[in-house]
Amino acid sequence: MARPRMVYDDDCGFCTWCARQGVRYGDVEAVAFSALSPDQRARLPEEWQTATHLLTDDAVYSGGAAVQGVLVRMSVLFVALFWLLEKVPGYDRFRERLYRWAADRRDWWAKIVRREQL
């Protein structure tokens, strides 16, 4: 079984930082948009450049679901947290709205993580 692959926008400083954290602390590999193989690209949804994705052997997760998938591979604390959140009605919709809110502010988040690296 191959390690899950986090597919991210390598033109985005925040996305690149997130991918590094996923690789550093989780059980995932990172694949930049610019490095996707034709087979990987074929598995992605039609508007694949609008979100991050997590490719597993048998599934493709996008947006908030992809981030959640990476986080649960980083810590058992996230496993427990998301197990509980999945029980809350409307959680999936909220997760995706939160993901879109954060993604629409990637430039701002990039400034925050850049300061952290100084």
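**Reading burial, fold and ring pairs in a predicted model**

Colleague: How many of the residues are buried in the protein?

Modeller: In this predicted model, buried residues make up 36% of the 118 residues.

Colleague: Which pattern does the protein follow when read along the sequence?

Modeller: The protein has six helices and four strands, and along the sequence they are arranged as β-α-β-α-β-β-α-α-α-α. The radius of gyration is 14 Å, close to the 13 Å that the globule rule gives for 118 residues, so the protein is as compact as a globular protein of that length. The C-alpha trace spans about 35 × 35 × 25 Å along its principal axes.

Colleague: What part of the contacts with a separation of 6 or more comes from residues 24 or more positions apart?

Modeller: Residues 24 or more positions apart account for 50% of those contacts in the protein.

Colleague: And what should I read from the surface and the charges?

Modeller: The accessible surface comes to about 7,900 Å², and 56% of this area belongs to carbon and sulfur atoms. As for charge, the protein has 17 positive and 16 negative side chains, with the centres of the two sets lying 6 Å apart.

Colleague: How many aromatic pairs does a search of the whole structure find?

Modeller: The search finds six aromatic pairs. One of them joins F78 and F82, with 6.1 Å from centre to centre and 25° between the planes; planes under 30 degrees apart count as stacked, so this pair is stacked. Both residues lie in helix α4 (residues 76-85), where they are four residues apart, about one turn of the helix.

Colleague: Which residues do ring pairs link into a cluster?

Modeller: The cluster consists of F14, W17, W101, W108 and W109, linked by ring pairs.

How values were computed:
Residues are numbered from 1 along each chain as its sequence is written. This is a predicted model: local features need pLDDT of at least 70, side-chain atom pairs count only at pLDDT 80 or more; totals for chains, interfaces and linings use all residues. Side-chain values use heavy atoms; hydrogens and water are left out. Helices (H or I, at least four residues) and strands (E, at least two) are DSSP runs, numbered from the N terminus. The radius of gyration is taken over C-alpha atoms; the globule rule is 2.2 Å times the number of residues to the power 0.38. Buried means under 20% relative accessible area, exposed over 50%, partly exposed in between (1.4 Å probe, protein chains only). Contact means heavy atoms within 4.5 Å. Accessible areas come from the Shrake-Rupley method with a 1.4 Å probe; for residues, only the protein chains shown count as cover. Lys and Arg count as positive and Asp and Glu as negative; His and the chain ends are not counted. The place of a charge is taken as NZ of Lys, CZ of Arg, CG of Asp or CD of Glu. Rings of Phe, Tyr and Trp (its six-membered ring) pair if their centres lie within 6.5 Å; planes under 30 degrees apart count as stacked, over 60 as edge-to-face and the rest as tilted.
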